Amino acid sequence: MSVSHASIHPVEDPTTTDGGNNNAPRVRMKDIQGMPGTKGGLALRLSQFIFAATALSVMASTSDFPSVTAFTYLVVAASLQCLWSLCLAIVDIYALLVMRSLQNYRIVIAFAVGDGIASTLTFAAACASAGITVLINNDLDSCAKNHCLQFETATAMAFISWFSALPSFLLNFWSLASR
């Protein structure tokens with residue numbers, strides 16, 4: 001069986017005509033907005049942080065959230081999401097300031113695993129809190145005694161935080177899968 005083999009030809013680096021000014025930022029094709037180290041990634045991290053912090057503060061401002069396990073779980077999950085998103089937002093800011101790409105294999109694995117864990121916990125906590133909120137509001141009709149509006153607001157903010165964390169996880173996972 002005869003198979004043709006590709007020839008390899010060396011390619012020279014093209015010379016610049018602007019006097020050697022190579023300080024222009026370089027953009028790679030794999031730097032899709034929303035991935036770590038991009039402005040879109042920073043926007044996603046900040047929105048995750050803001051919505052998780054809002055869910056945390058609204059839920060923690062009620063006096064009777066510790067009496068329901070799902071609401072306590074929401075506070076813990078929102079706290080974890082806040083810390084994770086804030087740390088990665090700081091890393092994104094640093095990467096943008098020094099014009100570094102965060103496409104190292106180990107970094108992307110850490111980001112994908114962390115995003116997967118944090119977003120799964122946030123989604124589970126939001127679902128559990130939504131179930132309890134519906135139980136209190138619709139089934140028990142005891143919203144007069146409880147803080148239903150705060151519970152609903154915190155649950156909605158947790159869902160929005162999860163919704164903004166999902167693209168980060170999917171883009172990091174896609175980056176790993178495409179290697």
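A disulfide is a pair of cysteine sulfur atoms within 2.5 Å, and the model discussed here is a predicted one.

Q: How many disulfides does the structure hold?
A: A disulfide needs two cysteine sulfur atoms within 2.5 Å of each other. Cys 82 is buried, with a relative accessible area of 7%, while Cys 87 counts as partly exposed at 46%. The number of disulfides that the structure holds is zero.

Q: What percentage of the contacts between residues at least 6 apart in sequence join residues at least 24 apart?
A: The protein chain has 179 residues, of which 35% count as buried, and its accessible surface comes to about 11,100 Å², with 66% of that belonging to carbon and sulfur atoms. Among the contacts in the chain between residues at least 6 apart in sequence, the share that joins residues at least 24 apart is 79%.

Q: Which elements are included in what covers the buried residues of helix 1?
A: Helix 1 has 22 residues and reaches 31 Å from its first C-alpha to its last, which is close to the 32 Å expected at 1.5 Å a residue. Its buried residues include Gly 40, Gly 41, Arg 45 and Gln 48, along with Leu 42, Leu 44, Val 58 and Met 59. What covers the buried residues of this helix includes helix 2, helix 3 and helix 4.

Q: Which element gives the most to the largest nonpolar core?
A: The largest nonpolar core has 16 residues, and Met 59, Phe 71 and Leu 74 touch the most other members. The elements that give two or more residues to this core are helix 1 (39-60), helix 2 (69-97), helix 3 and helix 4. With five residues, the element that gives the most is helix 4.

Q: Which residues are in contact with Phe 71, leaving aside its neighbours within four places in sequence?
A: Phe 71 is one of the residues that touch the most other members of the largest nonpolar core, and Met 59 is another of them. Leaving aside neighbours within four places in sequence, the residues in contact with Phe 71 are Met 59, Phe 65, Ser 129, Ile 132, Thr 133, Ile 136 and Phe 151.

Q: Is Thr 155 buried or exposed?
A: Thr 155 is found in helix 4 (residues 148-177). Apart from its neighbours within four places in sequence, Thr 155 is in contact with Leu 74, Ala 126, Ser 129, Ala 130 and Thr 133. Because its relative accessibility is 6%, under the cut-off of 20%, Thr 155 counts as buried.

Q: What is the angle between the planes of Phe 123 and Phe 159?
A: The structure holds four aromatic pairs. One of them is formed by Phe 123 and Phe 159, an edge-to-face pair at 6.1 Å centre to centre, with 75° between the planes. The pair links distant parts of the chain, since Phe 123 lies in helix 3 (residues 105-139) and Phe 159 in helix 4, 36 residues apart. Phe 123 is partly exposed at 33% relative accessibility and Phe 159 is partly exposed at 28%, and the angle asked for is 75°.

Q: Why is the pair of Phe 123 and Trp 162 called tilted?
A: A pair of aromatic rings is described by the distance of the centres and the angle of the planes. The rings of Phe 123 and Trp 162 have their centres 4.4 Å apart. Planes under 30 degrees apart count as stacked and those over 60 as edge-to-face, so this pair, with its planes at 35°, is tilted.

Q: Which residues do ring pairs link into a cluster?
A: Phe 123 lies in helix 3 and Trp 162 in helix 4, so their pair ties together parts that are 39 residues apart in sequence. Phe 123 also forms a pair with Phe 159. The residues that ring pairs link into a cluster are Phe 123, Phe 159 and Trp 162.

Q: How far apart in space are His 147 and Thr 62, C-alpha to C-alpha?
A: His 147 has its place in the loop between helix 3 and helix 4, and at a relative accessible area of 26% it is partly exposed. Beyond its neighbours within four places in sequence, His 147 is in contact with Thr 62, Ser 63 and Asp 64. His 147 and Thr 62 are 85 residues apart in sequence, and their C-alpha to C-alpha distance is 6.9 Å.

Notes
Residues numbered from 1 in each chain as written. Predicted model: local features only at pLDDT ≥ 70, side-chain atom pairs only at ≥ 80, totals over all residues. Heavy atoms only, no water. Buried < 20%, exposed > 50% of the residue type's maximum accessible area, 1.4 Å probe, protein only. Contact = heavy atoms within 4.5 Å. Areas by Shrake-Rupley, 256 points an atom, 1.4 Å probe, with all protein chains shown as cover. Helix = DSSP H or I, 4+ residues; strand = E, 2+ residues; numbered from the N terminus. Phe/Tyr/Trp six-rings, centres within 6.5 Å; stacked < 30°, edge-to-face > 60°. Core = buried A, V, L, I, M, F, W, Y, C linked by side-chain atoms within 4.5 Å. Expected span 1.5 Å × (residues − 1).
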